[in-house]
Amino acid sequence: MATQDEIKFLNAPKLGEQKKKYCRFKKMGIKYIDYKDPDFLLRFVNEQGKLLPRRITGNSLKYQRKVSQAVKKARHLALLPYVTDLLK
Amino acid sequence: MHLKINLFMNNYETVFITTPVLSKDEYTRTVKKYTDFIEKNGGEVISKEDWGLKQLAYPIQKKTTGYYTLLDFKLDPLLVKKFEIEFRRDENVMRFLTTKLDKHALAYSVQRREKLNGKTQKTEA
């Protein structure tokens with residue numbers, strides 16, 4: 001069997017390199033985040049229904065604030081839970 | 001009484017949840033009360049959309065389902081407070097949320113309505 005060091009990679013393994021994060025709203029040109037459709041907002045909320053931080057979602061500050069406002073409005077209207085487990 | 005003709009009206013949209021125990025005509029009467037309030041006060045109801053009975057993410061007033069309604073309208077900003085007091089006074093309405101639409105939100109709501117109507121027209125045609 002090929003021992004560990006005999007394995008040769010065709011190109012260098014990209015382990016350390018991190019995927020370039022971008023703000024999806026700027027890229028797609030979305031100007032308004034609707035608080036009425038919960039399935040879109042589910043992407044910015046973790047399993048317990050808590051808001052994901054900017055470093056995970058990759059949003060710019062301006063749109064992260066809009067997302068958080070939209071999520072809070074959706075929670076008020078019981079479209080999204082305040083706290084839950086295994087939301088997704 | 002000096003008739004205040006107010007040309008400056010903002011766009012608003014209100015989503016409210018009514019208790020599921022309401023009968024059909026009670027529900028229509030409740031909705032009519034709010035659309036009449038807007039019309040009487042010189043506002044204009046742009047569209048009325050009901051999402052029907054939906055499961056609530058958490059129980060409100062010990063109920064797990066609610067009847068959602070969306071109202072798009074134009075109204076004089078000073079009267080919105082009175083409009084909301086109507087909601088607070090009404091026991092059938094469990095929860096309501098009025099938001100002011102800026103130009104992006106307005107463009108979005110118009111586009112969303114076309115998509116919705118487009119779909120219904122397609123099924124009818």
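Student: Which exposed residues sit on the face of H1(B) turned away from its buried side?

Tutor: In this predicted model, that face carries B:Arg29 and B:Lys40, both exposed.

Student: And which residues of H1(B) are buried?

Tutor: The buried residues are B:Tyr27, B:Thr30, B:Val31, B:Tyr34, B:Thr35, B:Phe37 and B:Ile38. They lie on the same side of H1(B), because they cover an arc of only 150° around the axis.

Student: Why do residues three or four places apart point the same way?

Tutor: An α-helix has 3.6 residues a turn, so residues at that spacing point the same way.

Student: What do the buried residues of H1(B) pack against?

Tutor: They pack against elements of chain B: strands E1 (10-18), E2 (44-60), E3 (63-75) and E4 (93-100), together with helix H2 (80-89).

Student: How many residues does H1 of chain B have?

Tutor: Helix H1 of chain B covers residues 24-40, which is 17 residues, and reaches 24 Å from its first C-alpha to its last, close to the expected 24 Å. Just after H1(B), B:Gly42 takes a positive phi of about 75°.

Student: Changing topic, how many residues does each chain give to the contact?

Tutor: Chain A gives 14 residues and chain B gives 20 residues. Between them the chains bury about 1,500 Å², with 68% of it on carbon and sulfur atoms. Of the area that chain A buries against chain B, 38% comes from A:Tyr32, A:Lys36 and A:Leu77, more than from any other three residues.

Student: Which side chains meet in a salt bridge?

Tutor: Those of B:Glu13 and A:Lys36, at 2.9 Å from N to O. One salt bridge is found across the interface of chain A and chain B, and ten residue pairs are in polar contact between these chains.

Definitions and conventions:
Residues numbered from 1 in each chain as written. Chains lettered and ligands numbered in written order. Predicted model: local features only at pLDDT ≥ 70, side-chain atom pairs only at ≥ 80, totals over all residues. Heavy atoms only, no water. Helix = DSSP H or I, 4+ residues; strand = E, 2+ residues; numbered from the N terminus. Expected span 1.5 Å × (residues − 1). Buried < 20%, exposed > 50% of the residue type's maximum accessible area, 1.4 Å probe, protein only. Arc of directions from axis to C-beta. Contact = heavy atoms within 4.5 Å. Buried area = accessible area lost by both parts, 1.4 Å probe. Salt bridge = Lys/Arg side-chain N within 4 Å of Asp/Glu carboxyl O. Polar contact = N/O pair within 3.5 Å; in protein donor to acceptor, adjacent residues only side chain to side chain.
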